[in-house]
Amino acid sequence: SMDHYKAKATRHIFLIRHSQYHVDGSLEKDRTLTPLGREQAELTGLRLASLGLKFNKIVHSSMTRAIETTDIISRHLPGVCKVSTDLLREGAPIEPDPPVSHWKPEAVQYYEDGARIEAAFRNYIHRADARQEEDSYEIFICHANVIRYIVCRALQFPPEGWLRLSLNNGSITHLVIRPNGRVALRTLGDTGFMPPDKITRS
């Protein structure tokens with residue numbers, strides 16, 4: 001019977017937004033974490049460690065701010081393997097509706113970034129492989145636009161609404177994908193584990 005080939009494990013996906021960084025760096029490599037950003041990453045790492053889960057892997061964007069956030073968080077999760085990918089880099093996923101005046105990328109940027117971010121969604125957000133026996137707990141450390149687009153797509157909401165979601169730096173978004181393909185959003189942009197004076201969105 002075909003049942004033998006069906007998924008049986010649940011995937012838990014933790015989408016982490018990078019911490020606060022120096023937005024004024026002229027080159028991408030200069031956009032490093034601020035001292036507060038480093039503190040936020042410590043708090044996020046402590047929070048993830050406190051969940052007591054056996055994390056399977058950390059996949060992170062290849063941008064400087066995501067790499068630095070990953071380095072700090074991963075110290076709290078020793079032994080969890082890290083994988084860098086260009087797919088999760090920040091970008092302009094799709095033209096937002098309603099449109100906003102303060103944010104106007106070129107149409108070509110939507111076209112290029114949008115295809116890549118959609119590829120990230122298809123690549124990472126799916127039910128477990130049929131060979132996966134145990135539930136998995138995976139961390140993805142990336143960027144606000146990427147996370148917001150992925151959440152809209154995963155929940156089958158109009159993806160044009162992505163800009164209406166607001167995500168703090170170092171926040172945790174928890175998606176669950178059941179073997180039957182059902183998706184649940186457990187938390188969106190949680191930073192309840194940070195003191196209020198440490199919370200930022202830039």
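1. Order of elements. Along the sequence, the protein chain runs through the pattern β-α-β-α-β-α-β-α-β-β. In total there are four helices and six strands; helices (H or I, at least four residues) and strands (E, at least two) are DSSP runs, numbered from the N terminus. The model is a predicted one, in which local features need pLDDT of at least 70, side-chain atom pairs count only at pLDDT 80 or more, and totals for chains, interfaces and linings use all residues. Residues are numbered from 1 along each chain as its sequence is written, and side-chain values use heavy atoms, with hydrogens and water left out.

2. Overall form. Along the principal axes, the C-alpha atoms fill a box of roughly 60 × 40 × 30 Å.

3. Of the 202 residues in the protein chain, 49% are buried. Buried means under 20% relative accessible area, exposed means over 50%, and partly exposed lies in between (1.4 Å probe, protein chains only). Contact means heavy atoms within 4.5 Å. Among contacts between residues at least 6 apart in sequence, 73% join residues at least 24 apart.

4. Surface and charge. The accessible surface of the protein chain is about 10,400 Å², and carbon and sulfur atoms account for 51% of this surface. Such areas come from the Shrake-Rupley method with a 1.4 Å probe; for residues, only the protein chains shown count as cover. The chain carries 27 positive and 24 negative side chains, and the centres of the two sets lie 4 Å apart. Lys and Arg count as positive and Asp and Glu as negative, while His and the chain ends are not counted. The place of a charge is NZ of Lys, CZ of Arg, CG of Asp or CD of Glu.

5. Strand E4. Seven of the seven residues of strand E4 (residues 136–142) are buried, so this strand is largely enclosed by the rest of the structure. In a regular strand the side chains alternate between the two faces of the sheet. In E4, Ser-136, Glu-138, Phe-140 and Cys-142 point one way, and Tyr-137, Ile-139 and Ile-141 point the other way.

6. Partners of E4. Two strands pair if DSSP finds at least two bridges between them. Strand E1 (residues 11–17) pairs with E4 in the parallel sense over seven bridges, and Ile-16 stands opposite Ile-141 in E4. Strand E2 (residues 57–61) also pairs with E4 in the parallel sense, over four bridges; here Lys-57 stands opposite Glu-138.

7. Strand E2. Four of the five residues of E2 are buried, so E2 is largely enclosed by the rest of the structure. E2 and E3 pair in the parallel sense over five bridges, and the bridge partner of His-60 in E3 is Ser-84.

8. In H4, 10 of the 11 residues are buried, among them Val-146, Ile-147, Tyr-149 and Ile-150. The buried residues of H4 pack against E1, H3, E4, E5 and strand E6 (183–190). Gln-156 lies in the loop between helix H4 (144–154) and strand E5 (172–177) and counts as exposed, at 74% relative accessibility. Its phi is near 60 degrees, a positive value in a residue other than glycine.

9. A cis peptide bond. Most residues other than glycine have a negative phi, and most peptide bonds are trans. The peptide bond from Asp-97 to Pro-98 is cis, with omega near 5 degrees. Pro-98 lies in the loop between E3 and helix H3 (107–124).

10. His-76. This residue is in the loop between helix H2 (64–75) and strand E3 (81–85), and is partly exposed, with a relative accessible area of 21%. Not counting residues up to four places away in sequence, His-76 touches Glu-42, Gly-45, Leu-46 and Ala-49. The C-alpha atoms of His-76 and Leu-48 are separated by 8.0 Å, although the two are 28 residues apart along the chain.

11. Ala-7. In the segment before E1, Ala-7 counts as buried, at 17% relative accessibility. Leaving aside neighbours within four places in sequence, Ala-7 is in contact with Arg-127, Ala-128, Ala-130 and Pro-179.
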